[in-house]
Protein chains: 2
Amino acid sequence: MAKWVYTFGDKEAEGSASMKDLLGGKGANLAEMSNLGLAVPPGFTITTEVCDNYYNNNKEYPSELSNQVLSAIKHIEIITGSEFGNKSNPLLVSVRSGAKASMPGMMDTVLNLGLNDETVEGLASSSENDKFAWDSYRRFIQMYGDVVMGIPHYKFEKFLEDMKLSKGVENDSGLDSSDLKRLVKEYKELVKIETKENFPQKPIEQLWGAIGSVFNSWMNQRAITYRKINNIPMSWGTAVNVQAMVFGNMGETSATGVAFTRNPSNGEKSFFGEFLINAQGEDVVAGIRTPQNLTRADRVKEGSEQLSMEEIMPDVFEELVGIYQKLEEHYKDMQDIEFTVQRGKLWMLQTRNGKRTGRAAIKIAVDMVLEGLITKEEALVRIDPTSLDQLLHPMINPDSNLEIIANGLPASPGAASGAIIFTADEAESEKSKGKKVILVREETSPEDIHGMHAAEGILTSRGGMTSHAAVVARGMGTPCVSGVSSIRINLEEKYFTVGEKNYKEGEFITLDGSKGQVILGEAPMIKPELNSDFIKIINWSDEFRKLNVRTNAETPADAKIACEFGAEGIGLCRTEHMFFEADRIINVRQMILAEDESGRKSALSKLLPVQKNDFKEIFKIMKGLPVTIRLLDPPLHEFLPNKDNEIEEISKISGVDKNKLKRRSESLKEVNPMLGHRGCRLGISYPEIYEMQARAIFEAAIEISKETGENICPEVMIPLIATKDEFNLLKEKIDEVAKKIMQESNSSLDYLVGTMIELPRAALCADEVAINADFFSFGTNDLTQTALGISRDDSASFLDDYLNNEIFSVDPFVSIDQKGVGKLVKIGHDLGRKSNSKLKVGICGEHGGDPESINFFNDVGLDYVSASPYRVPVARLAAAQAEINLKKIK
Amino acid sequence: MAKWVYTFGDKEAEGSASMKDLLGGKGANLAEMSNLGLAVPPGFTITTEVCDNYYNNNKEYPSELSNQVLSAIKHIEIITGSEFGNKSNPLLVSVRSGAKASMPGMMDTVLNLGLNDETVEGLASSSENDKFAWDSYRRFIQMYGDVVMGIPHYKFEKFLEDMKLSKGVENDSGLDSSDLKRLVKEYKELVKIETKENFPQKPIEQLWGAIGSVFNSWMNQRAITYRKINNIPMSWGTAVNVQAMVFGNMGETSATGVAFTRNPSNGEKSFFGEFLINAQGEDVVAGIRTPQNLTRADRVKEGSEQLSMEEIMPDVFEELVGIYQKLEEHYKDMQDIEFTVQRGKLWMLQTRNGKRTGRAAIKIAVDMVLEGLITKEEALVRIDPTSLDQLLHPMINPDSNLEIIANGLPASPGAASGAIIFTADEAESEKSKGKKVILVREETSPEDIHGMHAAEGILTSRGGMTSHAAVVARGMGTPCVSGVSSIRINLEEKYFTVGEKNYKEGEFITLDGSKGQVILGEAPMIKPELNSDFIKIINWSDEFRKLNVRTNAETPADAKIACEFGAEGIGLCRTEHMFFEADRIINVRQMILAEDESGRKSALSKLLPVQKNDFKEIFKIMKGLPVTIRLLDPPLHEFLPNKDNEIEEISKISGVDKNKLKRRSESLKEVNPMLGHRGCRLGISYPEIYEMQARAIFEAAIEISKETGENICPEVMIPLIATKDEFNLLKEKIDEVAKKIMQESNSSLDYLVGTMIELPRAALCADEVAINADFFSFGTNDLTQTALGISRDDSASFLDDYLNNEIFSVDPFVSIDQKGVGKLVKIGHDLGRKSNSKLKVGICGEHGGDPESINFFNDVGLDYVSASPYRVPVARLAAAQAEINLKKIK
């Protein structure tokens, strides 16, 4: 018989941490903590397989499930000594989702389940707290009514607000037990009116309602959006965790909190967390009350007046410290834990590997290696390479004069500027217009995810370091300042106030998420200093990786940055960017407008010295490292103006007749320029262009070799090759130029001639092309366009439909389509090497900076990837991870 | 030691007809005729390998060549009893090119070589004809001076014209031997002035000059153009044939002629040819004098007053008849022969398989099968399938009232209309502007090839059925009327005159090349009747072919024609063409302009009945044969107007706001529409469109099944699939529609759902796609565009550069690129069948009508090709040839 349910509690469990696929992250870790002997409220996990089964069978459960759940309930009753529906000692449970990957707040939760008109009295007497019992029942009806029965939250809130108004109290806690009893009555009437049914009284019926609701919430819109953003497959499904309730809200000796075993923001090795006295867990996460620090040190540092747990509950705190150390040692990673103290007794509710910023991830990984907790390989594979990006991007210039308008918590590091915007929807729509926005909210909720994703930064007036806004922003690598209590938001009139001053929608502000500052206007940014942990990780990467990492750069500035980041050469230097610069575009246009070869040659002769200087500068910076220069690629019409006013202007400047300019521009227009007269086709139609470029490259190389004593060996790359004959023809011409220049200058010259492989045919016939080629460089951008038949410029109109329908799990221009485009890369590589074993093979599409893609390229056996300058460290780490993973498999 | 030279003559030879690659066509057949015991002037052939060697070694000859040529000369001297440079009995030779494939007139020839100031006297005495000897010497200097020494022809002609003027004679033959002696002197002075050298007197020196000149002419512009047009590889090279001269111009008992063993124009089994008394061979081919008939029957038929050879030289004629019968029996094919009669003695100078019209090819092949000369297989592989095209295309409606302005020879059959044009260059330039032209010339020469290629038809005022114009036109399948002696051309003022009337450049005329008529204006054309030979060939094809042949058709008219031509179904019925028709484009536009799904659905509901009727009509015509219907493919912007005036007009008609129309049209514009939001991507973004189309197809199928009792099984084809998920998603929707309709109509329905394979990714992942697909149809047009990265709409700008540089041997959109695109077809087919052995696989790109491509598809193992209606017979024959060839290899 299939096993659908796994129990845990009382220091043992049927599951373990290794069963995340089946039990979800939460369930697996509850089992593991039980096995470790920690105090975990007993419970059971309904597996993710049930979820899968549920969606594949018209939302019906497997037939054995019902009995397995019943006996698991029995298991809890035995451990707790309480009983479902028992009037004197009722069992109350929580019902929570728990997928393989953490999806905080995205799915449904029901607490206090098991309460009804009878058991509420039992709870009152067993807790000796009437008010607590009726408040729990009130909360349960509200939550269950909303989540399971679909009655809008605000309708319950209205009764609550009316009650507080009529009693003249401000907080919920001001209500007494008779008020709460009346509220329960009103809530039940509301349920009756809204659903035409009575609020369910049988605990087992309540339980099935809640289980169904959790499974259904797997497919709600915000869960779908979250999965899309985080590349979580729908097929994983969620587990359901049913667990005996413990109460942090049973008075002043009760509490609830969350903690990180190390600082998730900067990675420092210090216990870090927050708690609330007399509260339920959701109160901390939701950020409704600003919570207290766990440690005294943190309280002092933040200047908080509320005492820390270390001070209020020293015994419990000491026990918690012992547990966190045990957990970190056991999991060998920083843990994010949740706990509840019920009348002085500490219960563990969750542990998981904690989310952290890129900076923290690096520090923690480095520290753990130095502490001997993990190996370098383990440290390296643990860091998300894209998170390095956060550390490489600009921060606010510390020397600048800033107008700081408010201070809050440094919830997610980094700096960002943007226009003030108050709703998630508007944030998304402004972003889609290309605008930078800062999302400003009292607090955020899962409904705001799309807006948070669209914003450059997030600012909240409430909530702590572990509030929804803070957790999500850190995960996204988006700067966030939370709990800025000095601001007041006026949503209707779209401004916020600090003191006397108003700040309107659309005004620019800057957030410093590392310091918790809100700054007026667009603050000046500078390049960050690379810290020593970062450098250690990157250098360790070099010990393991096989792939070389080059960069795509054509300006001296980019080349310099890339060198600082450890680029081992230039994999793609596009020459057309040089053509666009103001001082030469006129000559480029003259060349294009020339009537014949001699006219073109005369214009090209003016371009020769400038191109040569471009190359000389780059060769100087690269100090003998390989530099791959791609000959002219884009269709010529890209260099000509289109619009009438541009044409007129250019006609004036260049002296070329307006109509001639227009005619030529028209005649060069193409229906599908991507598949048009470009790349090597230009070199074949106008050999003099490539000859000029080859001359500029070779003369520059010879001159810089002489000047610096470095041996400069330029790599000339021909774009858009489809057939061996194109390549051979052009290579022959380039060789002739080289020969001529060597004779003219009486110098020798090392150089390579190779080709982009960016058309399917080139990959499929790579054995032929490779015979005379020194190197291949896969142009996976164009290869993706042609293999999939998708224009990058036009794909926006249907890409969303493709992601929503899960036809693509990720934009194929971001991460390489391994099955299709990747197959061409593999075929091209294998055929190329087969006929030319000395062939160098790399990749210079934008996939060269994408970790998933780099992993694939490493598996294929390429020699190098070439990435944009800021992506070079990312690529170095990803290359190391790829090789470590590959060895593991072997 | 390598053998570079092969001798022949005196009824034996070192070579044979099987050695065409090495000896060229002419050399191999001269050897074969020698071996057959025919009288062939002795000579030798320098092999094509020497040509190859020559171009690979800086135009130097292999070292052994010189001695081998000397001993081959000795061989001729022994047989002829004459001697190179011998004053009394000089050996004279011709030096001619001869490639593997016939390239008539494209390369250089030198005749009468061996004459000099001394040997001319020997020729005079041995021929007993002073005038003949000096005329030969005069011709030799002129030809050698032009061809070998590079002195323009017209400079010699000037002296000749002056001489005739001063002597008051009209023809060359009016000059006496002293005139000719003076002319020789003037010619030699001209050579001295032009080249600063004396005209070479040593025969061996003359010989090497002529050999070099022939080899060099392999790379002259017109040879290159000819090879390009006829897909002859440069690497084949030419051989050089050196052969003892025989003279057809030694007086009235001498003659020269060409003949076909059957009629090359209509294929009739009758000896057919022309000759000229007292002339050299080139005179017949050049068409300068209108020649006489060989047979009395032909002379009578044509009403010629010049006696036939049968009448003038009955003995020689009888010998010739014996030879032609022997040759045809030996070669088992219609022969094109050249002969010379020197003082009553018949010499054979050439035989080769004769060029013929498509009609003649079919008749000859069928007749030879019936005569028992060849098998059906031999007959089938002998017919160029594309030549069938000629027979399928319109001819002049015989019932129409024509204004015939002149009559000439029916030199190449078929009818064509176009504007009068007088030069090849202008013909080409007009054609490139999309205009139809008729090239009108006194006579044509190899320099006119490009213009003949550009013209719809060719009209010459001189020359016979074997003139340059006639031979080339038949080869091209272009209608030609030659020898229209009634017209006078005024080249300077650009008109021609017939009687009193002038016809100017640009005026339209029609040629009937089957009847030899020149007609004023554009004559009405009709579909030709298919003759019984044609039908025999096509039916024989069906006995051998494995490939099914379907057609691409979406109109009832096309479907009907295709059925008449034997189409076995429709392989591609494009539904968008139906969208464009006037009565529905408004609804299509409404659909596109709809703001939401419900707006689209309402517009689609209006399109449903019209689409359904379209399908019903087609199903009716196809009578249960398979019909593959492709769902909407082009991007939606193709249906919207672009230009301001169009927009305004449509806004008026449709009532849609002008600006809205413009905005929507703008917003749908794409940078690369070929790679844009089209094909199945439309079905994924707007499922309701494909749902409507599926409904129209299925309802039509059910209704026609009921109406006719035929089981209609429509094949629904999804375009532009790249991934299995796209296909599965859409197939599921189509299946749902089918299910719904079956329920609604309470009928059963057979149908297939398959996909185009037209993107590289689909081919590479065909195993995944095939799992749920019933069929694949390769869309090799788009597959060529994406695999090669070449937009069909834009390739014109560089295609010529690619053909000239021999990067492409043929436009890849005309004949499939087997190595690249073909590899994808093979991969797609093999992977598809591997995962789904029942998969039907076909091809519906335009390559489906190209014989070379069909051969490839047959080898790959496809089930069917689909071609345009007129190409269906071509495809049937090509499919048979493919299978016959495949079996031969096996």
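Entry 1: I started with A:Lys494, which is partly exposed at 28% relative accessibility. This is a predicted model, so I keep in mind that side-chain atom pairs count only at pLDDT 80 or more. The side chain of A:Lys494 pairs with that of A:Glu505 in a salt bridge, 3.7 Å from N to O. A:Lys494 sits in the loop between strand E19 (487–490) and strand E20 (495–498) of chain A, and A:Glu505 in the loop between strand E21 (501–504) and strand E22 (508–512), so the bridge ties together parts eleven residues apart in sequence. I looked up A:Glu505 as well, and it is partly exposed with a relative accessible area of 31%.

Entry 2: Next I went to A:Arg876 and A:Asp542, whose closest N and O atoms are 2.7 Å apart in a salt bridge. How many residues apart in sequence are the parts that this pair ties together? The number is 334, because A:Arg876 is in helix H36 (residues 872–889) of chain A and A:Asp542 in helix H20 (residues 532–544) of chain A. A:Arg876 is buried, with a relative accessible area of 8%. A:Asp542 counts as partly exposed at 31%.

**Entry 3: a salt bridge inside one helix.** Over in chain B I checked B:Lys363, which forms a salt bridge with B:Asp367 at 3.1 Å between the closest N and O atoms. Both residues lie in helix H14 (residues 358–370) of chain B, four residues apart, or about one turn of the helix. B:Lys363 is partly exposed at 23% relative accessible area, while B:Asp367 is buried at 13%. I also noted a network of salt bridges with shared partners that joins A:Lys612, A:Lys616, A:Arg695, A:Glu699, A:Glu703 and A:Glu744. The count over all chains comes to 119 salt bridges.

**Entry 4: how the two chains are related.** I superposed chain B on chain A: a rotation of 179° with 0.2 Å of shift along its axis does it, with an RMSD of 0.2 Å. The two copies are therefore related as by a two-fold rotation axis. In chain B, the C-alpha nearest that axis belongs to B:Asn672, 2.0 Å away.

**Entry 5: the interface.** Do the copies meet through the same surface or different ones? It is the same surface, because 100% of the interface residues of chain B are also interface residues in chain A. Each side is listed with its own count: 47 residues from chain B and 47 residues from chain A. Between them the chains bury about 4000 Å², with 56% of it on carbon and sulfur atoms. B:Leu675, B:Arg761 and B:Leu764 supply 15% of the area that chain B buries here, more than any other three residues.

I then looked at the polar side of the interface. There are four salt bridges across it, and 26 residue pairs in polar contact. I looked up A:Lys819 and B:Glu768, which meet in a salt bridge at 2.4 Å, N to O. The elements of chain B that give two or more residues to this face include helix H29 (724–745), helix H30 (760–764) and helix H34 (821–835).

**Entry 6: the nonpolar cores.** The largest nonpolar core has 412 residues, and A:Phe698 and B:Phe698 touch the most other members. Beyond its sequence neighbours within four places, B:Phe698 contacts B:Pro714, B:Val716, B:Ile734, B:Val737, B:Ala738, B:Ile741, B:Leu749 and B:Tyr751. A separate core of 28 residues lies apart from that one, and A:Phe8, A:Ala17, A:Met33 and A:Val40 are among its members.

**Entry 7: two threonines.** A:Thr238 is in strand E6 (residues 238–244) of chain A and counts as buried at 0% relative accessibility. A polar atom of its side chain lies 3.0 Å from the backbone nitrogen of A:Gly98.

B:Thr109 lies in strand E5 (residues 109–113) of chain B. At 18% it is buried too, because the cut-off is under 20% relative accessible area.

Entry 8: Most residues other than glycine have a negative phi. I therefore noted A:Asn746, with phi near 50°, which is exposed at 71% relative accessible area.

Note on methods
Residues numbered from 1 in each chain as written. Chains lettered and ligands numbered in written order. Predicted model: local features only at pLDDT ≥ 70, side-chain atom pairs only at ≥ 80, totals over all residues. Heavy atoms only, no water. Buried < 20%, exposed > 50% of the residue type's maximum accessible area, 1.4 Å probe, protein only. Polar contact = N/O pair within 3.5 Å; in protein donor to acceptor, adjacent residues only side chain to side chain. Core = buried A, V, L, I, M, F, W, Y, C linked by side-chain atoms within 4.5 Å. Contact = heavy atoms within 4.5 Å. Least-squares fit on C-alpha atoms with pLDDT ≥ 70 in both. Buried area = accessible area lost by both parts, 1.4 Å probe.
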